[in-house]
Amino acid sequence: MNIHPTPFDHPDAVKLNDAVQLEYAARYDSEGDATPLDPAMFAPPHGLYLLAYDDEGRPVATGGWRAQDTNDEGYADGDAELKRMYVVPEARGLGLARRILATLEADARTAGRTRMVLETGTAQPEAIALYASSGYEPCAKFGHYRSYDTSRCFAKPLT
């Protein structure tokens, strides 16, 4: 597996984003994640977007972080927000999410961010397990879905 920095609007990133949106829609009986995202949010040094490719060149996993600072959605100065972590079903269980997460944490730390934050939901128990086993702890809710009962927010210091 090869993991590469890739623009959020790259065709392979769009393909996996469409796939994760379908999964969100199925799990939450919704239209997917409506959080407004712009490719510029993931441009270094204020973010990073990664794609993992299998040995045959197929995109199989993705994830990114974007800088956040204190605002009316509950973020704090120095936050790096994890977004669009996703592994295609046939590549799950290979450790890709952990590798992407570690790379994103290291990059955000290098960029001077002090805390990685993420929002997930109750219909994603495997995501919650990944984050908990990676040192993330529940925190005050933030972001687009902060008022939803199914929303769960987590944070991990990067310092």
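This passage describes the largest pocket of a predicted model and the pairing of strand 7. In this predicted model, local features need pLDDT of at least 70 and side-chain atom pairs count only at pLDDT 80 or more, while totals for chains, interfaces and linings use all residues. Residues are numbered from 1 along each chain as its sequence is written, and side-chain values use heavy atoms, with hydrogens and water left out.

The largest pocket holds about 840 Å³ of space. A pocket is an open set of points on a 1 Å grid over the protein atoms alone, where a 1.4 Å probe fits, with protein on both sides within 12 Å along at least five of seven lines; its volume is the space filled by probe spheres set on the points, which are joined across faces, edges and corners. Of the 35 lining residues (an atom within 4 Å of a point), Tyr24, Met85, Thr120, Gln124 and Ala127 are the closest to the centre of the largest pocket. Helix 1 (11-28), strand 4 (79-87), helix 2 (96-110), strand 5 (115-121) and helix 3 (125-133) each give two or more residues to this lining. Helices (H or I, at least four residues) and strands (E, at least two) are DSSP runs, numbered from the N terminus. Strand 4 supplies the largest share, six residues.

Strand 7 (residues 151-157) is largely enclosed by the rest of the structure, because five of its seven residues are buried (under 20% relative accessible area, 1.4 Å probe, protein chains only). Strand 7 pairs with strand 5 in the antiparallel sense over seven bridges; pairing requires at least two DSSP bridges between two strands. Glu119 has Cys153 of strand 7 as its bridge partner. Strand 6 (residues 137-138) also runs antiparallel to strand 7, joined by two bridges, and Pro138 stands opposite Phe154 in strand 7.

Technical notes. Buried < 20%, exposed > 50% of the residue type's maximum accessible area, 1.4 Å probe, protein only.
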